[in-house]
Amino acid sequence: MTNVYSFDGILVFGLLFICTCAYLKKVPRLNSWLLSEKKGVWGVFYKAAVIGTRLHIAVAMSCICMAFYVVFLK
């Protein structure tokens, strides 16, 4: 199990957050409700969704590398 307070736990949390926000951006009802604000605290969700959609190749490769690390090396 990955600990949130370790560096690799923070990386796993960040990748999962970015992937989740990018997925939620594709759902119309959630997109208008959760990702409508571009500033402030709710803007973090919007910015994570933008990172996930624009850098989808880099995020996907990072998820694969992190999964390999967590499953086989940790």
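## Ala60 and helix α4

Ala60 has its place in helix α4, a helix being a DSSP run of H or I with at least four residues, as a strand is a run of E with at least two, and both being numbered from the N terminus. This is a predicted model, in which local features need a pLDDT of at least 70 and side-chain atom pairs count only at pLDDT 80 or more, whereas totals for chains, interfaces and linings use all residues. Residues are numbered from 1 along each chain as its sequence is written, and side-chain values use heavy atoms, with hydrogens and water left out.

At a relative accessibility of 37%, Ala60 counts as partly exposed, because that class lies between buried, which is under 20% relative accessible area, and exposed, which is over 50% (1.4 Å probe, protein chains only). Ala60 and Val44 are 16 residues apart along the chain, and their C-alpha atoms are separated by 20 Å.

## The end of helix α4

Helix α4 covers residues 56–73 and includes Leu73, which is exposed, with a relative accessible area of 58%. Leu73 also belongs to a nonpolar surface patch with Phe68, Tyr69, Val71 and Phe72, and together these residues have about 560 Å² of accessible area.

Patches are made of residues with over 30% relative accessible area and no salt bridge, where nonpolar side chains (Val, Leu, Ile, Met, Phe, Trp, Tyr) are joined within 5 Å and like charges within 9 Å. A salt bridge here is a side-chain nitrogen of Lys or Arg within 4 Å of a carboxyl oxygen of Asp or Glu, and the areas come from the Shrake-Rupley method with a 1.4 Å probe, only the protein chains shown counting as cover for residues.

Helix α1 runs over residues 7–25 and contains Asp8, which counts as buried at 11% relative accessibility. The side chains of Asp8 and Ser6 are joined by a polar contact of 2.6 Å, meaning a pair of N or O atoms within 3.5 Å; within protein, one must be able to donate a hydrogen and the other to accept it, and residues adjacent in sequence count only if both atoms are side-chain atoms.

Leu11 is also found in helix α1 and is partly exposed at 36% relative accessibility; although Leu11 and Met66 are 55 residues apart in sequence, their C-alpha atoms are 8.2 Å apart in space. Gly14, another residue of helix α1, is partly exposed with a relative accessible area of 25%, and its C-alpha atom lies 9.0 Å from that of Ala48, 34 residues away in sequence.

## Annotated spans

An unreviewed UniProt entry lists residues 6–24 and 44–72 as "transmembrane region"; such positions are given in the numbering used here, feature names are shortened, and annotations may be inferred rather than shown by experiment. Residues 6–24 are 95% helix and 0% strand, with end C-alpha atoms 27 Å apart, while residues 44–72 are 97% helix and 0% strand, with end C-alpha atoms 32 Å apart.

## The chain and its confidence

The chain has four helices and zero strands, and its C-alpha atoms fill a box of roughly 40 × 25 × 15 Å along the principal axes. Of its 74 residues, 22% are buried.

The predictor's confidence in each residue, pLDDT, runs from 0 to 100; the chain averages 89, and 95% of the residues score at least 70. Confidence is lowest in helix α2 (residues 28–34), at a mean of 83, and highest in α4, at 94. Where pLDDT is low, the predicted coordinates should not be read in detail.
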